[in-house]
Structure formats: C-alpha cells, structure tokens
Amino acid sequence: MLEKGKISALQMELLIVPTIIATGILSIPSAAAKFAQHDMWMTPIAGSFLGFLTVFIAWKLHQLFPKMTPVQYSEEILGKLLGKIFGFVLISFYIHNTGIIVRQYSDFITKNVLLETPTLLISVTIILVSAMAVRGGIEVIARAAVICTTLYLSTAVSLLFLIKDIDVSYMLPILENGLLPVMKGGFIHQAWFSEFFILAFIFPFIKNSKEGLKSGMRASFYVMLMLLYVNFFVLTLLGVSSANQFYPVYSAVRAINVLGFFENFEVIIMASWVLGSFVKIAIFLYVSSLGLAQLFRLSDYRLVVFPLSVFIIFFSYWDIPNLVVLVDYMTSIMPFYFVLVQTILPLILLLIAYARRKRSESG
C-alpha cells in the first residue's frame with residue numbers, strides 16, 4: 001500500500017467537513033436563492049439526501065474491498081481495461097476539481113482583500129503549502145485539519161452578532177411556488193454533497209473501520225446543519241437580493257458592528273476561508289496524487305505531488321477565464337457533472353460488484 005498512515009474516525013469527520021463546505025459556504029446561498037428565493041433556507045435539507053446516499057455507496061464499496069481505494073477496486077469489478085478507464089476518469093475529475101477550488105480561492109482573496117496582489121501568487125502559495133502537507137501523508141493532513149477545522153467552524157459564531165438585525169418576514173410566504181424551486185436549489189447543494197465520495201479514498205486508512213459509516217453520516221449531517229445555519233442568516237438579513245451577490249455571507253458579515261466599536265469581522269471570515277480552503281485543497285491533491293500513483297503502479301505517490309501541483313495551477317487558469325464563467329459553471333454544469341462522477345458512476349460500480357459476487361456464489 002502506498003499510504004501506511006492511519007487516522008481516527010473523529011479525525012476523518014474533522015477532515016471531511018471543511019472539504020465539503022469550504023468553497024461552498026460563501027457561494028452556495030447565492031445560487032440557492034436564484035432558484036428557491038424565500039425558501040432557500042430549506043435547500044440544504046433537500047440536497048443532503050444525496051450526501052447520505054453517497055456516503056452509503058462509498059461505505060458499501062469499502063466493505064467489499066476494505067483495503068482498496070476506488071482506483072484499485074474498479075479494476076477488480078470492471079476488469080483491467082474498463083477499470084483503468086474508470087480510474088482515469090475519476091482521477092481526472094479530482095485534478096480538474098482541484099484546479100477549480102484553487103481558482104475560487106485565489107479570486108476571492110484578490111477581489112476582496114489583496115486587490116493589488118497577482119492571482120497567480122495566491123494560487124502558488126496555497127498549492128505549495130497544501131503540497132507539503134500531502135507529502136507528509138494522510139496523518140499529517142488529518143492533524144492539520146483538526147486544528148484548522150476547529151478554528152474554521154468557530155468563526156460561524158460571528159453570525160450570531162447579526163441576530164438583532166434579522167427579519168424573518170423574508171422567509172414568507174413559505175413554499176409559495178411549491179416544492180419544485182426548493183428541489184432545484186437542493187440540486188445545487190448536491191454538487192457539494194456528492195463530494196462525500198472522497199471518503200472512499202479515506203476509509204481504508206481509518207483505525208477503527210467499523211466507525212466509518214457512522215462518522216461519514218454524522219459528517220453529512222453536520223454539513224447540512226452548517227449550510228442551513230448560513231442560508232438562514234443570509235436570507236433573513238439580505239432577503240432574495242442575496243441571489244445577486246456571489247459572496248452574500250461575506251457581505252452580511254461586513255455589516256457586523258458590536259457596541260459601535262468592534263467591526264471588520266470579515267477578517268475572521270477571510271481567515272476561516274484560508275484554513276478551510278487549505279484543508280480542501282490538501283485532501284483533493286492527496287486523493288489525486290494517490291490515485292494517479294495507484295493507476296500507474298508507482299512505488300510512491302509523493303513522486304507526483306509537486307508535478308501535479310504545477311499542472312493544477314495551469315488547469316485553474318486555462319479552464320476558468322473569469323468569474324462570470326465560474327458562476328455559470330457552478331449553477332448550470334457543476335451539479336450534473338459532480339453527481340454523475342461521484343454518485344451515479346460509483347452506484348453503478350456497486351451494483352456491478354454485487355451482481356458479480358452473486359453470480360460467483362450461485363455458480
């Protein structure tokens with residue numbers, strides 16, 4: 001096995017939560033508001049069902065092949081040729097997605113804080129730090145995630161300072177246009193919830209493997225609660241106008257004023273964004289590197305970490321020329337693309353695995 005490290009189930013939870021919501025927590029409310037409007041607060045609940053399903057699929061595949069990652073057991077299920085094609089598609093997806101994450105992170109920093117700093121410099125620094133963590137292995141990433149996630153989630157408390165300014169009338173009328181808009185908004189969330197399939201690469205390295213399913217389900221529930229919490233505040237503070245802002249959470253936090261003295265709480269949000277993005281980029285880069293090494297039967301995945309990091313930076317600029325393209329991609333392409341690769345294809349893989357096992361037992 002290319003990775004010999006082991007992490008606890010709790011570390012896995014603290015690792016996967018920011019991996020799912022780091023990039024989504026600032027931009028999902030805007031996309032959800034475009035579809036669900038007054039009912040946008042419900043959309044995380046609708047989207048979370050796919051998260052629970054994806055965790056279940058990843059766990060069932062892990063039970064069938066407990067010491068393998070998807071890149072390895074796809075060859076056992078589909079055969080060598082089709083298995084390698086599936087593994088290549090999956091790893092290409094994660095490499096592509098890592099580039100998008102890096103670009104999101106860099107654009108947010110340069111457009112809101114470091115206005116004069118070249119975007120490329122921001123991209124290089126975050127990918128370099130992440131690459132160093134990835135070379136340390138899953139244990140190093142998990143330990144860093146424990147610290148980063150604790151600080152990252154604690155910043156959510158800052159929204160409570162705005163509770164005096166909320167207007168619950170923005171939530172009315174409830175279900176004015178029925179459930180369809182809520183389902184459409186929930187489908188946007190499903191792009192992020194489908195990322196729980198990344199657990200399939202982490203399950204083999206959990207110390208107490210029996211805790212994997214429960215931990216994964218808890219993590220999906222935590223993500224749903226966090227997005228519900230954020231969507232509630234965005235809606236009750238900004239109303240449906242949040243649909244016109246790409247980072248409505250950031251806009252809301254900038255309005256915090258405590259006792260007329262404590263202001264600029266957006267700095268806290270910025271710090272949490274950096275920490276959460278580091279965890280997300282690190283785990284996606286780790287999965288991409290590990291999967292690539294397994295696909296080509298390399299002796300050590302660390303050999304490809306830095307070359308792959310350079311390729312990801314190139315990918316982040318070649319694929320997304322500007323923010324307008326990114327917004328359109330996230331609302332019209334990303335939900336279908338992510339759900340297909342991370343939920344539907346693994347489900348098909350699971351069904352084929354069960355069918356082959358049943359046939360071998362009956363034969």
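Me: Is Tyr337 buried, partly exposed or exposed?
Reply: Tyr337 counts as partly exposed, at 24% relative accessibility. This is a predicted model, so the value is computed from predicted coordinates.

Me: Which ring does Tyr337 pair with, and in what geometry?
Reply: Tyr337 forms an edge-to-face aromatic pair with Phe93. The centres are 5.1 Å apart and the planes make an angle of 75°. Phe93 lies in helix 5 and Tyr337 in helix 13 (residues 323–362), so the pair ties together parts that are 244 residues apart in sequence.

Me: And Phe93, buried or exposed?
Reply: Phe93 counts as buried, with 2% relative accessibility.

Me: How many aromatic pairs does the structure hold?
Reply: The structure holds 15 aromatic pairs. One of them is Phe65 with Tyr73, which is stacked, at 5.3 Å centre to centre and 25° between the planes. Phe65 and Tyr73 are both buried.

Me: Switching to charges. What is the salt bridge count?
Reply: The count comes to 7 salt bridges. Among them is the bridge between the side chains of Arg218 and Glu13, at 2.7 Å from N to O. Arg218 is in helix 9 (residues 212–238) and Glu13 is in helix 1 (residues 9–21), so this pair ties together parts 205 residues apart in sequence.

Me: How accessible is Arg218, and what about Glu13?
Reply: Arg218 is partly exposed, with a relative accessible area of 32%. Glu13 is buried, at 7%.

Me: What does Arg297 bridge to?
Reply: The side chain of Arg297 meets that of Glu75 in a salt bridge, 3.1 Å from N to O. This pair also links distant parts of the chain, 222 residues apart. Arg297 sits in the loop between helix 11 (266–295) and helix 12 (305–318), and Glu75 in helix 4 (residues 70–78).

Me: Which residues are in the network with that pair?
Reply: Glu75 and Arg297 are linked with Lys84 in a network of salt bridges.

Me: Buried or exposed, for Arg297 and for Glu75?
Reply: Arg297 is exposed, with a relative accessible area of 56%. Glu75 counts as buried, at 13% relative accessibility.

Me: What about the backbone at Arg297?
Reply: The phi of Arg297 is near 55°, a positive value in a residue other than glycine. For context, most residues other than glycine have a negative phi.

Me: Which residues of helix 6 are buried?
Reply: The buried residues in helix 6 are Ile122, Ser123, Ile126, Ile127, Ser130, Ala131, Ala133 and Val134. Seen down the axis, the buried residues fall within an arc of 160°, so they line one face of the helix.

Me: What follows helix 6?
Reply: Gly137 follows helix 6, and its phi is positive, near 100°.

Me: Where is the cis peptide bond?
Reply: The cis peptide bond joins Leu172 and Pro173, with omega about -5°. Pro173 is in the loop between helix 7 (138–154) and helix 8. As background, most peptide bonds are trans.

Me: Which surface patch is Leu172 part of?
Reply: Leu172 belongs to a nonpolar surface patch of about 580 Å².

Me: Where is Met183, and how accessible is Met183?
Reply: Met183 is in helix 8 (residues 180–193). Met183 is partly exposed, with a relative accessible area of 46%.

Conventions:
Residues numbered from 1 in each chain as written. Predicted model: local features only at pLDDT ≥ 70, side-chain atom pairs only at ≥ 80, totals over all residues. Heavy atoms only, no water. Patch = residues over 30% accessible without salt bridge, like charges linked within 9 Å, V, L, I, M, F, W, Y side chains within 5 Å. Areas by Shrake-Rupley, 256 points an atom, 1.4 Å probe, with all protein chains shown as cover. Salt bridge = Lys/Arg side-chain N within 4 Å of Asp/Glu carboxyl O. Helix = DSSP H or I, 4+ residues; strand = E, 2+ residues; numbered from the N terminus. Buried < 20%, exposed > 50% of the residue type's maximum accessible area, 1.4 Å probe, protein only. Phe/Tyr/Trp six-rings, centres within 6.5 Å; stacked < 30°, edge-to-face > 60°. Arc of directions from axis to C-beta.
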